[in-house]
Amino acid sequence: MNAKKSCDVIVIGGGAAGMMAALFAARNDAKVTLLEKNEKLGKKVYITGKGRCNVTNACEDIQDFLQEVPRNPRFLYSALRQFAPRDMLSLLHDLGCETKVERGRRAYPVSDHASDVTKALEKGLRQAGVEIRFHTEVKRILSDENGIIGVETINGEVYSGKAIIICTGGMSYPSTGSTGDGFRWAEGTGHKVLPPRPSLVGLRTKETWPMELQGLTLKNICLIGTSCGKIIYSEQGEMLFTHFGVSGPLVIECSCHLPENGSCELTLNLKPGLTREQLDQRLTRELSSAGKKQLSTVLQTLLPMRFAALFPALCGIDGKMPCNQITTVMRSAIAEHLQALPLTVFGTRPIEEAIVTRGGIDVKALSPNTMESKTVPGLYFAGEVIDVDAHTGGYNLQIAWATGALAGKSAAEHIREESQ
């Protein structure tokens, strides 16, 4: 091992949570070293919001925010109370990155460049005196009977510190450096790690007909997900047919609520704005006035052209059938499928394609007031490495900012208490 390098707080991982943890630890008078195995900070931040960085959700009420968190929302209460979305926007403003709020309270940098968020935070880190070490990959956590003593890198370097904050992310988008390191270290220190699984991800369907509509987007539909007969998700919005099944905003959000086996039943209401009676009346009107026109042609008044061509077969009807031959039973089947079209989900796309990771460090092992381990003094966790994930819309990044800020502040206070 090479000579020791000493500091107060060691932050492992320079993503959203890591940058915030290091900043708040330094601003609370701790000597901080930030270790990042990549060549730059915030590599995953760069790709969020399609490169625009949906930096947070401008949600004023904590309870409203927590409703967007399917798992362990109460664990986040202290973190969000101490560092709310408005605090994040204020911090970026102070660091020279102006923001704007768009539909759904989604906040972005005015420039629409995610890089401006990372540049602002790196500026803040350097102003606060944080030592940033790039291309530095941690091999293991060092501890003794009294708690944390430091880390060893894969190059044999040893960094000694009185507190460590693990902010290594989950296992989604591994090209950004999120390869599950934090999970292994946590298990090595005796912490329970819930199996990492994909969340906010596309869903694979048993039916193959969605593949025939690859690239087609449906808007203003209602998607209902059920598991074991219980509704696990129901929202109206937009979805997309793909080469593997379905994706798009509604589907991705629905994926947060899947049971552990990754399967569920989906029901598509393609005409949620109409009652069944109104839909029957419209179908009767359309079909009776169409004469000998083919059914698939007339359905184009209700569905996109590609979908209209395929839809009759889903109802068990020949799409080439003249409309004046459609029976009452057939018309009823069309109406039923327009408002309750079934799909069977048998799994998700790989975790590498997921926006966030579900699972991770069991929150029962951490103090929600400090993000510190209950069993290893001086060891903290923040961000996606913890078993907390949320819907899209800036919520997951805000969780990273808030838990990182709380962990950094708490670690600095831990150092002060140790030195007294």
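Predicted model: local features only at pLDDT ≥ 70, side-chain atom pairs only at ≥ 80, totals over all residues.
Student: Where is L200 found?

Tutor: L200 is found in the loop between β12 and β13 (203–205). Residues are numbered from 1 along each chain as its sequence is written, and side-chain values use heavy atoms, with hydrogens and water left out.

Student: Why is L200 called buried?

Tutor: A residue is buried under 20% relative accessible area, exposed over 50% and partly exposed in between, with a 1.4 Å probe and protein chains only. L200 has a relative accessible area of 2%, so it is called buried.

Student: Why is C228 called exposed?

Tutor: The relative accessible area of C228 is 80%, so the term exposed applies. C228 lies in the loop between β14 (217–227) and β15 (230–241). C228 also has a positive phi, near 55 degrees, in a residue other than glycine.

Student: How do you know that strand β9 is largely enclosed by the rest of the structure?

Tutor: Strand β9 covers residues 147–153, and six of its seven residues are buried; therefore it is largely enclosed by the rest of the structure.

Student: How do you know that β8 pairs with β9?

Tutor: Two strands pair if DSSP finds at least two bridges between them. Strand β8 (residues 138–144) and β9 are joined by six bridges, so they count as paired, and they run antiparallel. Two residues lie between β8 and β9 in their hairpin.

Student: How many bridges connect β9 and β10?

Tutor: Three bridges connect β9 with strand β10 (residues 158–160), in the antiparallel sense. In this pairing, G150 is opposite S160 of β10. The hairpin of β9 and β10 has four residues between the strands, and G156 in this hairpin takes a positive phi near 90 degrees.

Student: What makes I10 a buried residue?

Tutor: I10 has a relative accessible area of 0%, so it is buried. I10 lies in strand β2 (residues 9–12). The C-alpha atoms of I10 and Y159 are 7.8 Å apart, although 149 residues separate them along the chain. Contact means heavy atoms within 4.5 Å. Leaving out residues up to four places away in sequence, I10 touches several residues, including G150, V151, Y159 and S160.

Student: What makes a set of residues a nonpolar core, and how many residues has the largest one?

Tutor: A nonpolar core is a set of buried Ala, Val, Leu, Ile, Met, Phe, Trp, Tyr and Cys residues joined through side-chain atoms within 4.5 Å. The largest has 86 residues, and V9, M20, L121, I165 and W401 have the most contacts inside it. Helix α13 (residues 395–419) gives the largest share of this core, twelve residues. Beyond its neighbours within four places in sequence, L121 is in contact with residues including M20, L92 and W401. A second, separate core has 43 residues, among them L250 and I317.

Student: Why is the space lined by C59 and F65, among others, called a cavity?

Tutor: On a 1 Å grid over the protein atoms alone, a cavity is a set of points where a 1.4 Å probe fits but cannot get out; a pocket is an open set with protein on both sides within 12 Å along at least five of seven lines, and lining residues have an atom within 4 Å of a point. The largest cavity has a volume of about 50 Å³, which is the space filled by probe spheres set on the points, joined across faces, edges and corners. C59, E60, D61, I62, F65, L80, A84, P85 and R86 line this cavity.
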